[in-house]
Amino acid sequence: MTGIGPAPILFNEFFQMFTRCMPPNGWPVNSKIAVGNSGGPDSTCLLFLLKQLLTDLRSKAMARQTIPTSVVSLSVNHNLQENSQLMAARSAANAAAMGVEHLTLDIPWGTPPFSAKPVAGQPMEQIGREARYHVIFDGMARTGAHSVAFGHHADDQVETSLMRLARGTTELGAGGMRRCRRWGMGTGDVEGGLGWVGHHGLNRWIIRPLLDVRKDRILATCEEHQLDYVNDPTNFQPEITLRNAIRQMLTLQEEGKDMSALSGLPQHISGSLDKIKIAAADLQETTMDLEGGLHQLHGAVKVLSSRLEDVDNEVTFHLKNLTLPSPPSTLILSSHALPDVVDPTVRLAFVLRVMRYVSFHPWGSLRADGNRRRSSVQRIIDTLWQSDGAPPFTAGGGVLWQPVIFSAKRRLRVGTQCLGRQLQPGERFAWMASRLPAVPYNMLDTAKLSSKLDVDITERLAIAISRGDYSLEVLFDCRFLVRFDLSQIPETVVEALQKYQETGVNVRIKPHTKYYWPKVVLQKPSYPDTTYATLMDNGQIDTFGYPPWVTMEYIRLLDAT
């Protein structure tokens with residue numbers, strides 16, 4: 001008697017999966033969603049289901065809900081493999097057969113910001129991934145897509161969890177990929193560099209609707225609907241990447257075959273497999289038995305993923321309860337309520353969330369989390385939870401931690417002036433997280449600052465004015481979005497910019513105050529700087545009697561996404 005095979009994914013079922021991936025504020029009106037389409041079975045299945053779902057929803061009463069109105073297929077041609085052209089062609093053909101808009105994105109190796117095409121011996125997977133994400137974001141911008149959906153599934157989730165364990169992740173990282181997350185400011189650190197997307201990435205989303213679905217059901221769906229696809233042969237070569245080796249290891253275990261096929265792996269891959277076994281055995285939240293089969297591993301990773309969601313919610317709750325009124329770009333946390341956060345994992349996630357909020361490193365990057373160095377983060381936790389009287393300190397991530405004495409009626413006392421001081425009625429101890437100063441704030445006007453803190457916007461302003469643009473946006477210090485309303489720009493600035501190349505006049509955004517808030521200044525040789533706009537401690541903008549032609553918004557986010 002023939003057993004019953006895996007069931008195809010039903011449309012109603014996929015609707016529930018898609019709904020769980022919705023961004024926190026919902027889908028924008030008339031938005032477009034992209035699908036990262038490799039031509040393989042996972043992305044082909046996802047593209048088909050998403051196209052059918054959106055078509056079906058628009059034709060029914062559910063259309064009253066705000067949903068994406070269209071889907072676009074994005075395919076990346078790396079030109080790194082013999083079959084790269086074949087896979088790109090299959091992606092385009094599948095999209096055309098489904099009536100889906102399609103864009104093939106070629107990686108122009110050797111053209112900045114892209115490196116030369118990687119060769120054997122280089123970290124090809126990492127280089128290819130950074131280049132791929134860069135062109136996908138560019139494709140989203142070109143097509144107007146608000147989100148991109150990837151076809152990662154439950155088997156991929158297990159592989160990702162194990163890979164992170166090999167790198168020494170916490171149990172939070174072992175929870176794997178999120179169903180929905182912001183793109184973030186990117187992995188690069190230089191505007192225009194590889195991986196850099198800036199503030200635009202805070203309004204773009206990555207979703208993964210198939211994370212709860214195993215690979216066999218995806219294949220069954222492709223077979224049910226006669227979807228053509230190609231398999232990437234490099235996915236089955238364990239000597240190339242750690243992910244491939246994990247996939248091979250799990251497949252051999254699932255099929256009860258001998259593990260000798262993994263005996264000739266490169267040392268860095270075989271060593272990582274050994275680290276995974278040790279780290280998996282040390283997990284506290286669940287049992288992850290690498291020899292227990294994929295079914296057991298799926299269950300374990302699902303427990304860790306659910307734990308990650310619970311921790312996110314708990315951190316959000318505590319932040320609402322602990323946060324006191326804070327100067328712009330800072331966060332003040334009440335000390336007396338910190339002991340209410342007891343769980344070590346929640347404490348860890350709490351500190352990382354705060355660091356990401358105030359850091360000057362790109363939002364969403366590992367650097368904004370202090371590279372998640374355990375010793376550094378633990379030092380922060382130990383100090384915040386065990387001492388009210390500790391002096392100011394830093395432990396990575398570009399964040400300064402300072403004791404403060406907070407009162408609703410008195411001036412905020414910050415730093416060393418709090419040490420040894422007795423509290424007065426109505427006062428309480430707290431901790432402030434703020435940007436780590438590059439130089440003492442009383443030297444900001446004389447010290448030579450990096451181009452990230454001393455931003456020359458002269459040429460950008462002049463070009464925008466000459467084109468008749470209505471506005472200009474500049475990201476300052478990866479923290480503030482400075483917007484210029486060019487319809488209200490003072491005539492004195494316009495006149496000064498008309499011959500800036502001959503006169504040496506320039507307009508700059510520079511930091512002021514110890515919190516490094518932005519200010520806009522006009523500089524003329526042999527003249528003192530003229531300040532045209534500053535951010536004040538109440539969050540308002542002072543334009544010194546001129547119309548409100550400059551706004552300054554702190555754009556870093558405190559949410560879990």
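In this predicted model, Asp454 is in contact with Leu449, Arg508, Ile509 and Lys510, leaving aside its neighbours within four places in sequence. Asp454 lies in the loop between strand E12 (427-435) and strand E13 (455-456). The side chain of Asp454 makes a polar contact with the side chain of Arg508, at 2.7 Å. Arg508 also forms a salt bridge with Asp456, where the closest N and O atoms are 3.5 Å apart. That pair links distant parts of the chain, with Arg508 in strand E16 and Asp456 in strand E13, 52 residues apart. Arg508 has a relative accessibility of 16% and therefore counts as buried. Asp456 is partly exposed, with a relative accessible area of 39%.

E13 and E16 pair in the antiparallel sense over two bridges. Val455 has Ile509 as its bridge partner in E16. Ile509 is also among the contacts of Asp454.

Strand E16 spans residues 506-512 and is mostly covered, with seven of its seven residues buried. In a regular strand the side chains alternate between the two faces of the sheet. In E16, Asn506, Arg508, Lys510 and His512 point one way. Val507, Ile509 and Pro511 point the other way, and all are buried.

Asn506 stands opposite Gln523 in E17. The hairpin of E16 and E17 has four residues between the strands. Within this hairpin, Thr513 takes a positive phi near 65°.

A further antiparallel pair involves strand E20 (residues 550-554). Five bridges join E20 to strand E15 (residues 480-485). Phe484 has Val550 as its bridge partner in E20. Val550 belongs to the covered face of E20, together with Met552 and Tyr554. Thr551 and Glu553 form the uncovered face.

Elsewhere in the chain, an open sheet of six strands has the order E3-E2-E1-E4-E6-E5, with mixed pairing. Strand E3 (101-106) and strand E5 (180-182) stand at the edges. Each has a single partner strand, so one side of each is left without a neighbour in the sheet. The twist averages 25° from one strand to the next.

Within this sheet, strand E1 (residues 32-36) runs parallel to strand E4 (residues 145-149), and four bridges join the two. Ile33 stands opposite Ser147 in E4. Helix H4 (residues 124-143) packs on the sheet and touches E1, E2, E3, E4 and strand E6 (205-207). The direction of H4 makes about 140° with that of E3. Helix H3 (residues 84-98) lies across strand E2 (70-77) and E3. H3 runs at about 170° to E2.

The structure holds 24 salt bridges. In one of these, the side chains of Arg20 and Asp212 meet at 3.2 Å, N to O. Arg20 lies in helix H1 (residues 11-20), and Asp212 lies in the loop between E6 and helix H6 (215-224), so the pair ties together parts that are 192 residues apart in sequence. Arg20 is partly exposed, with a relative accessible area of 48%. Asp212 is partly exposed too, at 40%. Salt bridges that share partners join Arg20, Arg179, Asp212 and Glu309 into one network.

Another salt bridge is formed by Glu427 and Arg421, with the closest N and O atoms 3.0 Å apart. Glu427 counts as buried, because its relative accessibility is 11% and the cut-off for buried is under 20%. Arg421 has a relative accessible area of 22% and is partly exposed.

Methods. Residues are numbered from 1 along each chain as its sequence is written. This is a predicted model: local features need pLDDT of at least 70, side-chain atom pairs count only at pLDDT 80 or more; totals for chains, interfaces and linings use all residues. Side-chain values use heavy atoms; hydrogens and water are left out. Two strands pair if DSSP finds at least two bridges between them. Axes are lines fitted to C-alpha atoms, for helices over the stretch in contact, and angles run from 0 to 180 degrees between N-to-C directions. Contact means heavy atoms within 4.5 Å. A polar contact is a pair of N or O atoms within 3.5 Å; within protein, one must be able to donate a hydrogen and the other to accept it, and residues adjacent in sequence count only if both atoms are side-chain atoms. Buried means under 20% relative accessible area, exposed over 50%, partly exposed in between (1.4 Å probe, protein chains only). A salt bridge is a side-chain nitrogen of Lys or Arg within 4 Å of a carboxyl oxygen of Asp or Glu.
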